[in-house]
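Subject: Handing over a structure, with notes on what was found

Dear colleague,

Please look at it first and then read on.

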Amino acid sequence: MEHIRYKKETEVVTFQGKEITLENLSPVFTPGQEAAKRRELEQQLYEVFRKYADKRQSEEAGA
């Protein structure tokens, strides 16, 4: 597995009168890593949509 670098963003916000430091880490991918992650995400979303579309079709068929 390749090492993934992260971009760190820091912000100080006030919440209920107290200052809170928020840190956000975002992965920095190479173009190849980004394409692979995109394909993986698209496949996962497709599986979710297919699951619910199949469920909806079977419910409509039974109605």
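Among the contacts in the protein (a contact meaning heavy atoms within 4.5 Å) between residues at least 6 apart in sequence, 14% join residues at least 24 apart. Please bear in mind that this is a predicted model, in which local features need pLDDT of at least 70 and side-chain atom pairs count only at pLDDT 80 or more, while totals for chains, interfaces and linings use all residues. Residues are numbered from 1 along each chain as its sequence is written, and side-chain values use heavy atoms, with hydrogens and water left out.

The overall layout

The protein has 1 helix and 2 strands, where helices (H or I, at least four residues) and strands (E, at least two) are DSSP runs numbered from the N terminus. Read from the N terminus on, these elements follow the order β-β-α. The radius of gyration, which is taken over C-alpha atoms, is compared here with a globule rule of 2.2 Å times the number of residues to the power 0.38. For the protein this radius is 20 Å, well over the 11 Å that the rule gives for 63 residues, so the protein is more spread out than a compact globule. Along its principal axes, the C-alpha trace spans about 55 × 40 × 15 Å.

Buried residues make up 3% of the 63 residues; here buried means under 20% relative accessible area, exposed means over 50%, and partly exposed lies in between (1.4 Å probe, protein chains only). The protein exposes about 6,200 Å², of which carbon and sulfur atoms supply 53%; accessible areas come from the Shrake-Rupley method with a 1.4 Å probe, and for residues only the protein chains shown count as cover.

Glu 9 lies in strand β1, which covers residues 5–15, and with a relative accessible area of 38% Glu 9 is partly exposed. Leaving aside residues up to four places away in sequence, Glu 9 touches Leu 22, Glu 23, Asn 24 and Ser 26. Between the C-alpha atoms of Glu 9 and Thr 30, which are 21 residues apart along the chain, the separation is 19 Å.

Salt bridges and a patch on the helix

How many salt bridges does the count come to? If a salt bridge is a side-chain nitrogen of Lys or Arg within 4 Å of a carboxyl oxygen of Asp or Glu, the count comes to 5. One of them joins Arg 38 to Glu 34, with the closest N and O atoms 3.7 Å apart; both residues lie in helix α1 (residues 31–62), 4 residues apart, about one turn of the helix. Another pairs Glu 40 with Lys 37 at 3.9 Å, N to O, and these two residues of helix α1 are 3 residues apart. Glu 40 is partly exposed at 41%, and Lys 37 is partly exposed at 40%. Arg 50 and Glu 47 also meet in a salt bridge, at 3.4 Å from N to O.

Finally, Leu 41, Leu 45, Val 48, Phe 49 and Tyr 52 make a nonpolar surface patch of about 510 Å². Patches are made of residues with over 30% relative accessible area and no salt bridge, like charges being joined within 9 Å and nonpolar side chains (Val, Leu, Ile, Met, Phe, Trp, Tyr) within 5 Å. Tyr 52 lies in helix α1 and counts as partly exposed, at 46% relative accessibility.
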